[in-house]
Amino acid sequence: MSEANFDFDVIVIGAGYGGFDAAKHAAEHGLNVAITESRDMGGTCVNRGCVPSKALLAASGRVRELANAEHLASFGIHASPVRFERQKIADHANNLVETIRTNLTKTLERAGVTILRGKGRLEGVQRVGVRQFNGVDKVFTAKDVIVATGSDPFVPPGIETDGRTVFTSDEAINLEWLPKWIAIIGSGYIGLEFADIYTALGCEVTLIEALDRVMPTFDPDLTKIAKRNLIDGRDIDARAGVLASKVSPGCPVRIDLSDVKTREVVEKLEVDAVLVATGRVPTSKELNLESAGVETIRGFIPIDDQMRVIANEKPIANLWAVGDVTGKLMLAHAAAAQGTIAVENILGKSSQIDYRSIPAATFTHPEISSVGLSEKEAKTLASNENFEVGIIRSYFKANSKALAELDSDGLMKLLFRKDNGEVLGAHIYGLHAADLIQEVANAVARRQSVIQLAYEVHTHPTLSEVVEVAYKQAYKQVCGS
Ligand SMILES: Cc1cc2nc3c(=O)[nH]c(=O)nc-3n(C[C@H](O)[C@H](O)[C@H](O)COP(=O)(O)OP(=O)(O)OC[C@H]3O[C@@H](n4cnc5c(N)ncnc54)[C@H](O)[C@@H]3O)c2cc1C
């Protein structure tokens, strides 16, 4: 039952991971909730992001493993040449999307959430207009409104997409065809994951990065090792410091590469396809945010750590925003955490997010992960707060499990305070790095010290001993023995 005079206690706009978690959490706590979705239930992650891309990475990763005759021979294994069916790999991803989308929708229905299929917008504070798929346009009232409209791929000016020869990750996840030669614009995590998929399936890749080094968002020490394996060791030609200033779809696709500084065209390429992986923009344009007095910043909705929407440096009562549209950490689990926190605050329990403890992963083979501060951020904090940063490098080469797998190219970099041992961050490249980071994320969440962590027993032989070794070495720097 909703509060008097409102149709609902909470209306959530957008059913991605952020909106889903918010709606589910609110309904499970007895609130009368509606969620509106204009495309597919589950949003980017389920339909066009994490889920299908990880399914493609799982299948293509196996192809890579089985095609690596030299690696297999080191185990004494000699397999026949590997064959794969592109359509069946694509089907695996599509089926998984379907299953997860259905489960997620059923979960909301079971929790008693009203699903309004249509495009939502604000009509002032505590009012949401919904243009439903059946053409009906209706305004609903709610005590609290949560905006969770996510993001869309960013396509820079000069690049024309046709969805077939020049496309974004929205289309790439369908794996409709395998171009012989594909240029991937952007070497962030989406560009890298697709470079992993395409090279495993036999495509030649040109990786184009506008900043002065490839993988610019990753820790520089990790990048040195990762690049050797993920880029130099594969059929990838990487170019940094050049801008794909013009891309024209067709057969072939024509690309003008320009010098970033002078903007002069320095090279022209003709390739079979182009994947544009140049970041994402918030989906906030058609939300009528002005009606509630919200001013976006480059399209992102400003929020505080309780997820309250901020205008003129003050929270707008009963209006919340979560997920990619807030531009904080554009990751599914961050969106979900924000959704839960918004609802906790609606329920009157004061709850704040801790972005420092939210990990991130790139699911290449091997994986890359991180949590907490970068080395640069840690050093800035250290000079502001007058402490010294400790840095430990723990190598997979010394790990029995990694050696048994014949996959020991990897590094963990641990950052901590030398005065009290508090873990500030970690960056890992190597086998199962995405799983390994969670242990450090938990330590960061609790602001734990290596003084305590160094004594925690890890299973032998596991990759987690890479983390154990790092904690133990850090302990020596803090305690001296
Ligand atoms: C290729 C790719 C791979 C990724 N891999 C990972 C990964 O491995 N791990 C990870 O953590 N993250 C990953 N991400 C990022 C992740 O998908 C996003 O961070 C996450 O989906 C954000 O969730 P959200 O709820 O904020 O928004 P979204 O998932 O974008 O959902 C927003 C929803 O709102 C709907 N909507 C928009 N406007 C309206 C409106 N006016 N009315 C009604 N509905 C509306 C949209 O249709 C959409 O369904 C990946 C992204 C991509 C593109």
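## Getting oriented

Into which domains is the protein chain divided? Domain 1 takes in 3-50 + 90-152 + 281-353, domain 2 is 166-278, and domain 3 is 357-479. These bounds come from an automatic or database domain assignment.

Before going on, a word on the ground rules. Residues are numbered from 1 along each chain as its sequence is written. This is a predicted model, with local features needing pLDDT of at least 70 and side-chain atom pairs counting only at pLDDT 80 or more, while totals for chains, interfaces and linings use all residues.

## The whole chain

The protein chain has 14 helices and 22 strands. Here, helices (H or I, at least four residues) and strands (E, at least two) are DSSP runs, numbered from the N terminus. The radius of gyration is 24 Å, close to the 23 Å that the globule rule gives for 481 residues, so the chain is as compact as a globular protein of that length. That radius is taken over C-alpha atoms, and the rule is 2.2 Å times the number of residues to the power 0.38. Along its principal axes, the C-alpha trace spans about 70 × 65 × 50 Å.

How much of the chain is buried? Of the 481 residues, 46% are, where buried means that 20 or more other C-beta atoms, placed from the backbone, lie within 10 Å of the residue's own.

## A five-stranded sheet

Now find the open sheet of five strands, which run in the order E18-E19-E22-E21-E20 with antiparallel pairing. Two strands pair if DSSP finds at least two bridges between them. Strands E18 (360-362) and E20 (389-395) are at the edges with a single partner strand each, so one side of each has no neighbour in the sheet. From one strand to the next, the twist averages 10°.

E18 pairs with E19 (residues 367-372) over three bridges, in the antiparallel sense. Look for Thr 362, which stands opposite Ile 368 in E19.

## Around the ligand

Which residues come nearest to the ligand? Of the 37 around it, they are Gly 14, Gly 16, Gly 43, Gly 150 and Gly 323. A residue counts as near if its C-beta atom, placed from the backbone, lies within 6 Å.

Elements giving two or more residues to this shell include helix H1 (17-28), strand E2 (33-37) and helix H2 (43-48). H2 gives the most, with four residues.

Notes: A residue is buried if 20 or more other C-beta atoms lie within 10 Å of its own, exposed if 12 or fewer, and partly exposed in between; C-beta atoms are placed from the backbone. Axes are lines fitted to C-alpha atoms, for helices over the stretch in contact, and angles run from 0 to 180 degrees between N-to-C directions.
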